[in-house]
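Hello,

Here is the structure I promised to pass on to you. Please have a look at it, and then read on for what turned up.

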Amino acid sequence: MAQILLPLSLLSLLFSVALADLTRIEHSLKNDGSLSILVIGDWGRKGTYNQSLVAEQMGKVGKELDIDFVISTGDNFYENGLTGVDDKAFEQSFSDIYTSDSLQKPWYTVLGNHDYRGDVIAQLSPALQKLDSRFICMRSFIVNSEIVEFFLVDTTPFVMKYWTTPEGQHYDWRDVEPRDTYISNLLQDLNNALQASSANWKIVVGHHTMRSVSEHRDTAELLKHMLPILKKNSVDFYVNGHDHCLEHISSTDSPLQYFTSGGGSKAWRGTYIPNSDKLRFFYDGQGFMSLKLTKSDADVIFYDVAGRELYKWSMAKINQGHLPSIVAM
């Protein structure tokens, strides 16, 4: 069971302030003004389906990049979330798996649809931080790192089929019902927070796909309700999991980039369905993503289960313009 001491800059977790109704966490940059993170999704399988192998490679890359934190795009505990704060799956799928020194950093985490099949209140409980202080999970919140703000958003309640045709599954809608009110308030909070942001980079993180060529394809409810807010507020990246693959898709009518990092364990679904945006990279397998940011530059790398670099992509901002450059491996 990992226990870590957070830097003083992260003690603000105990005294978080709110921007609108979204909790805000402050996370400082490195001394050189840069930030490096890993992004992983759809992982919690007690080490099976190569989860442990992906975790090992994350540790190696995390050390090389000297990462500041990890973002989890959800589906943290399969198949049906946690049963309570004392569920051993928390340690078996998280603490006992991500043991590398470089991964002993905060894990900023959103909920996925599989997490909603269990005890959501337990997964959100501060009691889990007493077991492993890295695990920071909220429904929707902001991580601010001066040059970049990450807006982590609870996307599962948007998807109507979980409410109307759950296919025998139970979803824990406590503190979410009624759906329309919850979604309306969340969208307003997100819009307000994005409008107030003066960060060089604005990155929205959710579990569900916005644009995807894999099994789950596009999420219609997000395209209808959330995408216009992202475009209106000049969001740079939307980062998600849900599809168990690695993807980069570029919007054809805005500068928005879509990144899927959902290869934390079970993958290889064998589905490819093109959409109308520009597909830059697709890997139907296990792996993870790194992101390095400076005030003017972003560098994205996708890695496979062996730690091999599959794809690199870079973008520079000059006078608030976007100059992307792509290096495929």
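This is a predicted model: local features need pLDDT of at least 70, side-chain atom pairs count only at pLDDT 80 or more; totals for chains, interfaces and linings use all residues.

Leu128 sits in helix α4 (residues 127–131); helices here are DSSP runs of H or I with at least four residues, strands are runs of E with at least two, and both are numbered from the N terminus. Because its relative accessibility is 0%, Leu128 counts as buried (buried is under 20% relative accessible area, exposed over 50%, partly exposed in between, with a 1.4 Å probe and protein chains only). Setting aside neighbours within four places in sequence, Leu128 has contacts with Leu82, Val85, Phe90, Ala122, Gln123 and Phe135, where contact means heavy atoms within 4.5 Å.

Residues are numbered from 1 along each chain as its sequence is written, and side-chain values use heavy atoms, with hydrogens and water left out. The chain has a mean pLDDT (the predictor's confidence in each residue, from 0 to 100) of 92, and 91% of its residues reach 70 or more. Residues 1–20 have pLDDT below 50, and this stretch has 42 contacts in the model beyond near neighbours in sequence.

Now to strand β4 (residues 69–72): Phe69 and Ile71 point one way, Val70 and Ser72 the other, and all are buried. In a regular strand, side chains alternate between the two faces of the sheet. β4 runs parallel to β3 (residues 35–40), joined by four bridges, and parallel to β5 (residues 107–109), joined by three; strands pair if DSSP finds at least two bridges between them. Ser72 stands opposite Ile40 and also opposite Thr109 in β5.

What lies between β4 and β5 in their β-α-β unit? Helix α2 (residues 89–95) does, and the unit is right-handed, meaning that, with the strands pointing away from the viewer, the path from the first strand over the helix to the second runs clockwise.

Best wishes
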